[in-house]
Amino acid sequence: MDGEVRVLALLVGVLAYTWVGYPGLLWILRRLFGRPAERGDQQPTVSIIVPVHNEQSGISAKLEDCLALEYPRDRIEILVASDGSTDATEAIVRQYADRDPRIRLLKSAGRAGKSGVQNFAVQQAGGDLLFLTDANTRTPMEVLGLLSRTFVNPRVGLVSATVNFLTGSDAVSKGQGLYWRYEYFLRQAESDIGILATGGGAAMMIRRELYSPIPTHYGDDCILPLGVRLQGYLVLNDPQAVVFDSSPHSIAGELRSRVRMTERNWSGTLSRPALLNPFRFPLTALGLISHKLLRWLTPFFLLAIFILNTALVFRHLALALWIGQMAFYFCAFIGWRRICQQRPAGLFGHAFSFCLANAGFLLGMAKVVHHQKIVTY
């Protein structure tokens, strides 16, 4: 076997490990060493922090959710941090605050981005635990109690709720629903093993003393869990604490989401290089590299495989691989056409969703290379 074929085999092997081998490894480790989180009966004080920007259509539902949470009234406060809202959001929050003193409106001086207003709100927070949640996330009444009780273990520093995406009937939503089921399998397995280093920005809880101000161009779901792991605490995903959110229902919306996620999280992950050191954090480093970095690099692997495979198409078994690639991308093309025509896409839609996600990874990495930073929602 010559050098070009070896390189092609190596690239295919890395890609197979990223999407199939690593999940298989996690499944084995979880069966051998995994265990669910402990729960106690303590009820620490909690500061609920909701960053908002022009959320007049949904802020009432969010505040109603917060007020309905099953938790002692005197042990929670609700801080709504407005990031320069120009619609009726702040007026609606004031109406609620007039009726319930637990609600406070905090206003930033101009646009600070989601991370900026979260930092501002944390400075005003008085709870032992901080519950960070988005305005469009629906939180069932038991969620706060479930999350808070996992902190009975003094080693636990941050816990995320499991997000159930309310997918529509369109093919984009269905394809991304499959992607998120795959993603949450990885997160839950890493959580049960004790190597998780990522969180869910829709709803997560952190010890007040472990919160460090977030640079505005990083996402809270990336940088806060990394900081907690660096301080030696566990990051968990709670499968019982389920919240509800919606995923983008359009190709453009899903692409923007992937670009934003990739740019903010790649930069954030590399800003904490100690966690990538296998001698200091061996399993956490394995998880970050396998679950995050290699996945975001997938479009580059796919491109390199296709180019090299085309050059070697008539050598060894390369022809079968090339035909397989072409068949997959043709299926993705059919999926795109059927989605654009608003027709059921089936398996073709899943092929297209995979390609769409990787297009987002590619464009996100392009922003990283060009040092473009995304600070707004």
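Is Asn54 buried, exposed or partly exposed? I looked it up first. Asn54 counts as partly exposed, because its relative accessibility is 29% and buried means under 20% relative accessible area, exposed over 50%, partly exposed in between, with a 1.4 Å probe and protein chains only.

**Ground rules.** I am reading a predicted model, in which local features need pLDDT of at least 70, side-chain atom pairs count only at pLDDT 80 or more, and totals for chains, interfaces and linings use all residues. Residues are numbered from 1 along each chain as its sequence is written, and side-chain values use heavy atoms, with hydrogens and water left out.

**Two positive phi values.** I stayed with Asn54. Its phi is near 55°, a positive value in a residue other than glycine. Most residues other than glycine have a negative phi. Asn54 sits in the loop between β1 and α2 (59–67). Helices (H or I, at least four residues) and strands (E, at least two) are DSSP runs, numbered from the N terminus. I then checked Gln342. Phi of Gln342 is also near 55°. Gln342 lies in the loop between α11 (318–340) and α12 (346–369). Gln342 is exposed, with a relative accessible area of 75%.

**The sheet.** Next I traced the strands. Seven of them form an open sheet in the order β3-β2-β1-β4-β6-β5-β7, with mixed pairing. Two strands pair if DSSP finds at least two bridges between them.

**Strand β6.** I zoomed in here. Five of the five residues of β6 are buried. Ala203, Met205 and Arg207 point one way, Met204 and Ile206 the other way. β4 and β6 run antiparallel and are joined by five bridges; Thr133 has Ala203 as its bridge partner. Three bridges join β5 to β6 (residues 203–207), again antiparallel. Ser160 is bridged to Met204, and Val159 to Met205.

**The cores.** I looked for the nonpolar core, a set of buried Ala, Val, Leu, Ile, Met, Phe, Trp, Tyr and Cys residues joined through side-chain atoms within 4.5 Å. The largest has 87 residues, and Val46, Ile48, Phe131, Leu144 and Leu224 touch the most other members. Strand β5 (residues 156–165) gives the largest share, six residues. A second, separate core of seven residues includes Tyr22, Leu26, Leu186 and Ile195. Beyond its neighbours within four places in sequence, Val46 is in contact with residues including Tyr71, Leu129, Phe131, Leu144 and Met205; contact means heavy atoms within 4.5 Å.

**Helix α1.** Helix α1 (residues 3–33) bends by about 50° at Tyr17. That bend is the angle between axes fitted to the seven residues ending there and the seven starting there. Among its buried residues are Val5, Trp19, Tyr22 and Leu26.

**Cysteines.** I counted zero disulfides, a disulfide being a pair of cysteine sulfur atoms within 2.5 Å. The sulfur of Cys355 is 9.8 Å from the closest cysteine sulfur, in Cys331, too far for a bond. Cys331 counts as partly exposed, at 26% relative accessibility.
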